[in-house]
Amino acid sequence: MPDHPDPTIPGPTPPYEEFVRLFVAHEGRLRAFIRSLLPTWADVDEVMQETSLVAWRKFGRFERGTNFMAWVGGSSLMVICRRPEEAPLPSSTITVIILLK
């Protein structure tokens, strides 16, 4: 049996494919959002990598048909807030984030 489903046979999209498609579709916007919160592109790269791992682990909790960008953006905020080197986000940023949800 192959390690991956045969793409020629119709059926439900496997979760990893759905996740990758959604993540790639929103990657540019997510990267820009994270960059608006962090001082360097190196920081952005680190947060993007960690965000992708966190989002994949929690993808089972994502409600299909809802706003993936808001969901993954929230995950990126949690990653940023857990970074000890980052100062707390300004309250104006928190307000904008809440409005995005």
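Modeller: Gladly. The side chain of H26 reaches the backbone oxygen of L22 at 2.8 Å. A polar contact is a pair of N or O atoms within 3.5 Å; within protein, one must be able to donate a hydrogen and the other to accept it, and residues adjacent in sequence count only if both atoms are side-chain atoms. This is a predicted model, in which local features need pLDDT of at least 70 and side-chain atom pairs count only at pLDDT 80 or more, while totals for chains, interfaces and linings use all residues. Residues are numbered from 1 along each chain as its sequence is written, and side-chain values use heavy atoms, with hydrogens and water left out.

Biologist: In which helix is H26 found, and which residues is H26 in contact with, leaving aside its neighbours within four places in sequence?

Modeller: H26 lies in helix α1, residues 15–35. Helices are DSSP runs (H or I, at least four residues), numbered from the N terminus. Contact means heavy atoms within 4.5 Å, and beyond those sequence neighbours H26 touches F68 and M69.

Biologist: How do α1 and α3 pack?

Modeller: Two packed helices are described by the angle between their axes and the distance between the axes. Axes are lines fitted to C-alpha atoms, for helices over the stretch in contact, and angles run from 0 to 180 degrees between N-to-C directions. For α1 and α3 the angle is about 55°, with the axes 9 Å apart. That makes α1 oblique to α3; angles under 35 degrees count as roughly parallel, over 145 as roughly antiparallel, 65 to 115 as roughly perpendicular and the rest as oblique. Among the α1 residues that meet α3 are H26, L22 and F33, and the α3 side includes F68, M69 and G73.

Biologist: How do the axes of α1 and α2 cross?

Modeller: They cross at roughly 150° and come within 11 Å, so α1 and α2 are roughly antiparallel to each other. The contact includes Y16, F23 and R31 of α1, and W41, D45 and M48 of α2.

Biologist: At what angle do α2 and α3 pack?

Modeller: Helix α2 (residues 41–57) and helix α3 (residues 68–82) pack at about 120°, their axes 9 Å apart. They are therefore oblique to each other. V47, E50 and V54 of α2 are among the residues making this contact, as are W71, S75 and V79 of α3.

Conventions
Helices (H or I, at least four residues) and strands (E, at least two) are DSSP runs, numbered from the N terminus.
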